[in-house]
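This report describes strand pairing, a metal site and a pocket, in that order. Please read the text alongside the coordinates.

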Amino acid sequence: MGHASTRSVALIGLSAHVVDVEADAVPGDAELHLVGLPEMSVWPARARIRAAILNSGTAWPDMRITVSVTPVIPPIYDAAADLALVVALLAVAGAIPPERITGRVFLGELALDGGIRPVRGVLPMVAAAVRAGISSVVVPADCAREAAQVPGAVVMPVTQLADLVDQLRHGAFRDHDNQEPDPAPSSSFAVDLADAPGNQAARRALEVCAAGGHHLFLSGDGPATMLAERLPGILPPLTDEAARKVAEIYSLAGRSHRAQGITPPLSAPHHSETPTAIFGSVAANRPGALSLAHRGVLHLADAPEFARTVLDGLCRPMDSGQVHLAGRGRSVHYPARFTLVLAARPCPCPEGRDCACPPEARRRYRARLALLLSRVAVRAPIEQSNRGTRAGEPSAAVAARVLAARVRAAHRLADTPWRTNAEVPAPDLRTRFPVAPEAAELLRSAVNTGLVTADGLSRLLRVAWTLADLRGVDRPQFDDAAAALELWKGADGDGAR
Ligand SMILES: [Zn+2]
């Protein structure tokens with residue numbers, strides 16, 4: 001009897017797939033069949049569609065309608081295609097001219113009262129639509145600003161199904177004003193290193209980590225978080241591609257209010273957060289704190305307080321640069337390449353309380369971090385800075401040195417897949433990037449005396465290269481190797497071997 005078709009987008013992890021939504025009607029009892037949704041989702045989706053239509057003042061069509069989605073939506077349906085399903089149904093029933101919905105993408109979840117709810121992941125979904133040649137996108141009003149960030153997208157915001165039907169019927173769409181000024185891209189954090197006086201060793205360690213992409217361990221009773229929060233501000237700005245990826249991750253996490261910008265992100269989960277909040281959820285298709293740190297900084301304050309499963313579970317993402325989750329019939333990967341800043345106080349006593357922990361208790365407390373610390377190349381002590389200490393050097397000055405060192409490293413690594421010293425694999429480090437003989441000699445003796453393992457040696461070499469880049473010399477000399485060794489040990493000599 002009739003046919004109507006439109007489009008929506010399904011997300012698996014961050015990868016978005018445009019789907020065709022088609023509706024067919026034949027005479028018969030008033031019935032709705034949904035094909036191509038996961039079985040568990042059919043009943044709730046049908047209930048939302050039915051209630052939304054009836055509560056929008058539209059009569060339920062008196063015919064047998066089948067709405068099908070191809071390709072089939074993956075095992076978990078996140079309701080973003082609700083809007084496409086309902087407009088296809090209404091078009092085939094004659095409530096909307098079918099040609100008004102063809103060539104458009106509809107995104108949004110239906111509320112029972114006929115409202116249109118925001119959905120997560122609008123940014124990657126709209127980007128996929130535009131890539132597929134469909135620039136006209138209908139999105140929940142709350143997501144319009146986010147959708148409008150995709151170059152080439154023509155965004156139509158909607159809040160109520162009744163309004164949408166009315167506009168489609170009369171062909172009078174109100175386009176989102178794409179000229180609406182977005183908040184200016186932030187190139188600097190509100191926080192500055194100038195406000196964090198004292199702690200010279202930790203500040204230096206922060207600079208080295210920023211320059212080489214190394215992970216950092218701050219140990220002691222001091223303002224670790226204050227310093228970690230200032231690391232993004234001295235990292236080089238994100239490239240366009242990285243900024244786009246970061247924005248997509250925040251969109252999928254439902255955190256699109258993060259100011260779009262070129263400053264690398266900071267993610268600092270509390271130790272009481274669930275593993276799902278930290279690693280992400282495959283069931284909800286939601287990235288966690290690790291992925292919110294992608295291309296930026298992951299800071300774990302009071303790191304030994306985190307659950308052991310969280311601490312040990314960090315190792316694989318650190319090695320691979322992504323979080324892999326599987327369950328409920330699907331598997332997803334979320335990007336997670338970050339610089340880790342671990343911080344730990346010497347013992348589990350509450351701050352400011354007189355400590356009577358035996359050495360064994362302190363050792364056990366620190367041992368919880370053993371696996372992570374084997375991946376950390378730079379350690380620094382941290383202490384409560386004395387009031388009256390002269391102001392610290394501002395972030396801009398440190399950032400300039402970091403950038404110069406990064407440019408040096410990138411130049412050296414130009415014909416390799418790596419961009420920072422921390423990324424260079426161990427074998428290549430030895431064969432392609434030899435250090436000065438005296439530097440090699442010093443590091444060899446550190447291995448021979450058992451101070452450093454072979455694995456640790458690679459991390460030392462990478463830091464030595466960063467120190468050479470910061471000094472602007474061609475390759476690490478004796479002093480760079482000696483300084484790398486000091487950073488490896490940390491001032492209290494508690495470095496993991
Ligand atoms: Zn204690």
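Strand 1 (residues 2-12) and strand 2 (residues 15-26) run antiparallel and are joined by 11 bridges. Strands here are DSSP runs of E with at least two residues, helices are runs of H or I with at least four residues, and both are numbered from the N terminus. Two strands pair if DSSP finds at least two bridges between them. This is a predicted model: local features need pLDDT of at least 70, side-chain atom pairs count only at pLDDT 80 or more, and totals for chains, interfaces and linings use all residues. Residues are numbered from 1 along each chain as its sequence is written, and side-chain values use heavy atoms, with hydrogens and water left out.

| Pairing | Sense | Bridges | A bridge pair |
|---|---|---|---|
| Strand 1 and strand 2 | antiparallel | 11 bridges | Thr6 and Val21 |
| Strand 2 and strand 4 (residues 64-70) | antiparallel | seven bridges | Val26 and Arg64 |

Strands 1 and 2 form a hairpin with two residues between them, and Gly13 in the turn has a positive phi of about 60 degrees. Over the protein chain, the secondary structure comes to 19 helices and 18 strands. The C-alpha atoms fill a box of roughly 85 × 50 × 45 Å along the principal axes. Of the 497 residues, 51% count as buried, that is, under 20% relative accessible area with a 1.4 Å probe and protein chains only.

The zinc ion has the protein donors Cys347 (SG), Cys349 (SG), Cys355 (SG) and Cys357 (SG), at 2.2 to 2.4 Å. Donors are N, O and S atoms within 2.8 Å of the metal (3.2 Å for Na, K and Ca). Their spacing along the chain is C-x1-C-x5-C-x1-C. The arrangement is tetrahedral because the four donor atoms subtend angles of 99 to 121 degrees, and four donors count as tetrahedral if all angles lie between 85 and 135 degrees. Cys347 counts as buried at 5% relative accessibility, and Cys349 is buried at 14%.

The second largest pocket holds about 200 Å³ of space. Its lining has 15 residues, of which Arg255, Ala277, Gly288, Ala289 and Leu292 are the closest to its centre. A pocket is an open set of points on a 1 Å grid over the protein atoms alone, where a 1.4 Å probe fits, with protein on both sides within 12 Å along at least five of seven lines; lining residues have an atom within 4 Å of a point. The volume is the space filled by probe spheres set on the points.

How values were computed:
Tetrahedral: all angles 85-135°; square planar, octahedral: opposite > 155°, others 65-115°. Buried < 20%, exposed > 50% of the residue type's maximum accessible area, 1.4 Å probe, protein only.
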